[in-house]
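Colleague: I have the structure open beside the sequence. Could you walk me through it?

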Amino acid sequence: MNFANPPVLVVGAGPVGLVAALTLLQNGIPVRIIDKDPNPRIGQRGPGIMPRTLELFNFLSIPEVNDLGKPPPMVRSYEPGTLKILRESAVAPDIEPTPSIPFIHKAMGQQFLDVILRRHLEKLSCSVEMGTELRSFEQSEEGVTAVLAKSDVLETFDTKWMIGADGAKSIVRKQLGLTFLGETRDDARLIVGDIRLDGVGLDRSYWHHFGKFKDRNISLRPTNEIGEDGWQFFLHCDDLDLAEVAQSEERIFEIIAPLIPLEINFTKVLCANEYRANIRMVKKFNEGRVLLAGDAAHIHSPTAGQGLNSGVQDAFNLGWKLALVEKGLADKSLLETYSAERLPVISEMLKFTTTLLNHAISSGLGHASMRRSPLIFMLGVNCRFSDIVLDEFATPAEGRPINAYGVLDEGNLEAGDRAPEAPEMLQVGCRESGVKSLFGLYRPWYHTVLVFSPSLADASPILGALEAYNRSVVVTAVVLPLSASLTPDASPADLVLIDQQGYAYSAYLVEVGQTKVFVIRPDGVIGAIVHGAEGVKKYFSKIFLNV
């Protein structure tokens with residue numbers, strides 16, 4: 001890759017900006033990524049990593065997030081001023097991995113997540129330019145001219161595209177003049193931070209909640225990422241000046257100590273920030289050659305841990321589309337589908353998380369009342385309504401209500417849904433043999449065409465039509481039932497897979513003996529479900545130029 005004049009500038013190097021950069025780099029698109037802070041941010045911040053987001057990290061070949069993340073502990077709430085347990089509750093519904101849903105909800109602090117993502121960025125010969133601030137920019141039909149500042153030295157940088165992943169106070173969004181409509185909630189204020197403390201009887205296998213929710217209270221989530229005595233804390237003390245308290249380690253210790261009916265040894269407050277719930281979103285995610293992702297485009301209450309996850313999913317949706325446009329393989333209009341697909345999702349997510357916040361406040365139960373819906377796993381997030389998905393089997397989406405943030409229904413699968421996993425697929429043929437999984441096949445730089453077919457002969461007409469497509473951005477795989485008889489003839493498919501356990505046929509709702517074609521987008525979304533070659537051509541005509 002030519003890094004001398006990268007065509008994409010990413011502003012903001014939190015998880016969203018890093019995922020955007022990684023997705024583009026894996027697509028062969030050089031990027032420049034900057035962050036105004038001189039040093040990487042510290043703090044756990046939003047630690048919840050949902051199953052759908054873990055799938056995206058899998059597609060990016062970043063297994064450490066799942067491997068090192070921890071299942072969130074049970075929340076133990078106490079009668080105020082005592083150690084009498086009032087209730088124990090889970091922060092999420094209890095699920096076990098299945099062949100089609102291999103990941104469960106994990107917790108990992110953003111400070112640690114950033115380290116992992118930066119390491120992968122550096123493997124691709126790219127690093128974050130810290131202490132580099134975007135001051136202003138102008139755009140034209142041909143590109144973007146940005147004025148950057150580092151140590152008060154100004155630089156003019158010309159690029160083709162700019163991604164604003166610079167958080168809730170986004171300079172990119174403000175200079176685009178996009179409205180950020182919504183509300184600021186004065187009834188949801190707290191101090192969030194990381195602290196080191198210990199006390200005899202403070203069990204680190206639980207997330208503890210002391211005090212009255214509508215009065216002063218403290219919530220402590222154990223995390224060894226900080227240290228063996230490390231906790232993420234959420235401190236409610238509305239009767240005080242939160243901004244002032246957050247600046248004083250001594251004051252934080254003084255407030256927490258009487259809330260916990262144990263002898264506590266305080267070591268250090270590593271970070272503390274005032275937090276006030278804002279619920280806002282833009283009306284569109286892009287303007288010309290400048291695009292927004294994550295908190296720059298939408299912010300909401302911390303209930304259900306959807307923020308980081310939604311931002312990562314923004315970046316992944318955007319990355320493959322921008323890469324195809326930059327390579328000259330897709331028209332610039334493809335980028336309009338980024339906003340069109342993400343806006344309904346985010347709008348419904350804001351309604352969902354706000355409902356949870358209102359219930360947490362009105363019930364007085366705080367964490368104990370939150371996050372029980374399977375919606376939080378984000379496995380039902382979809383874009384069935386998108387203009388670029390095609391389903392020849394489902395009822396036309398036109399006229400149907402949009403349900404972009406639905407609960408996963410494994411008995412119904414349509415174009416626009418997440419593609420399920422299917423393990424223990426036996427690869428056969430002349431190239432290589434071995435056991436594969438579909439998630440091991442999906443990657444962010446190509447579409448995967450799955451041809452479910454009774455035999456290789458039945459798949460041949462479809463595979464022949466696909467030979468016209470660029471093999472660097474379209475990969476083909478024939479999925480055969482275990483009962484299929486194999487011939488020694490070579491197949492034009494990139495892979496021939498035997499569904500040994502029937503997991504693929506079950507998850508994709510295909511009957512043995514049926515021919516059915518699924519086009520899996522680079523973001524792991526089903527782009528098309530069609531009968532054969534003509535349907536595939538029709539789908540790709542909406543994606544690629546000159547098809």
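Modeller: Gladly, and please keep in mind that this is a predicted model. A place to begin is the stretch where strand β8 (residues 132-139) and strand β9 (residues 144-150) pair in the antiparallel sense over 7 bridges.

Colleague: How many residues join β8 to β9 in the hairpin?

Modeller: The hairpin that links β8 to β9 runs through 4 residues, and within the pairing E133 stands opposite A149 in β9.

Colleague: And which strand does β9 run antiparallel to through its other 7 bridges?

Modeller: That is strand β10 (residues 153-159), joined to β9 by 7 bridges in the antiparallel sense.

Colleague: What about the turn between β9 and β10?

Modeller: β9 and β10 form a hairpin with 2 residues between them, and S151 in that turn has a positive phi of about 55°.

Colleague: Changing topic, what is the strand order in the open sheet of 8 strands?

Modeller: The order is β5-β4-β13-β14-β15-β12-β16-β19, and the pairing is mixed. At the edges of that sheet are β5 (85-89) and β19 (298-299), each of which pairs on one side only.

Colleague: How do β14 and β15 run relative to one another, parallel or antiparallel?

Modeller: They run antiparallel, with 6 bridges joining β14 (residues 217-222) to β15 (residues 230-236), and the bridge partner of P222 in β15 is W231.

Colleague: Which strands does helix α7 lie across?

Modeller: Helix α7 (residues 249-256) lies across β12 (181-199), β14, β15 and β16 (264-281), and its direction is at about 95° to β16.

Colleague: Now the open sheet of 6 strands, what is its order?

Modeller: The order there is β7-β2-β1-β11-β18-β17, again listed with mixed pairing. β7 (129-130) and β17 (286-287) stand at the edges with a single partner strand each, so one side of each has no neighbour in the sheet.

Colleague: How many bridges join β1 to β2?

Modeller: There are 4 bridges between strand β1 (residues 8-11) and strand β2 (residues 31-35), which run parallel, and V11 stands opposite I34 in β2.

Colleague: Where does helix α8 lie?

Modeller: Helix α8 (residues 307-326) lies across β1, β11 (161-164) and β18 (290-292), running at about 170° to β11.

Colleague: And α9, how far apart are its end C-alpha atoms?

Modeller: They are 41 Å apart, which agrees with the 40 Å that the 28 residues of helix α9 (residues 336-363) should span at 1.5 Å a residue.

Colleague: Which residues lie nearest the centre of the largest cavity?

Modeller: Of the 18 residues that line the largest cavity, N317, R342, V381, D523 and V525 lie nearest its centre.

Terms used
Residues numbered from 1 in each chain as written. Predicted model: local features only at pLDDT ≥ 70, side-chain atom pairs only at ≥ 80, totals over all residues. Heavy atoms only, no water. Expected span 1.5 Å × (residues − 1). Pairing = 2+ DSSP bridges. Contact = heavy atoms within 4.5 Å. Axes fitted to C-alpha atoms, helices over the stretch in contact; angles between N-to-C directions. 1 Å grid on protein atoms, 1.4 Å probe; cavity = no way out; pocket = protein on both sides within 12 Å on 5 of 7 lines; lining within 4 Å.
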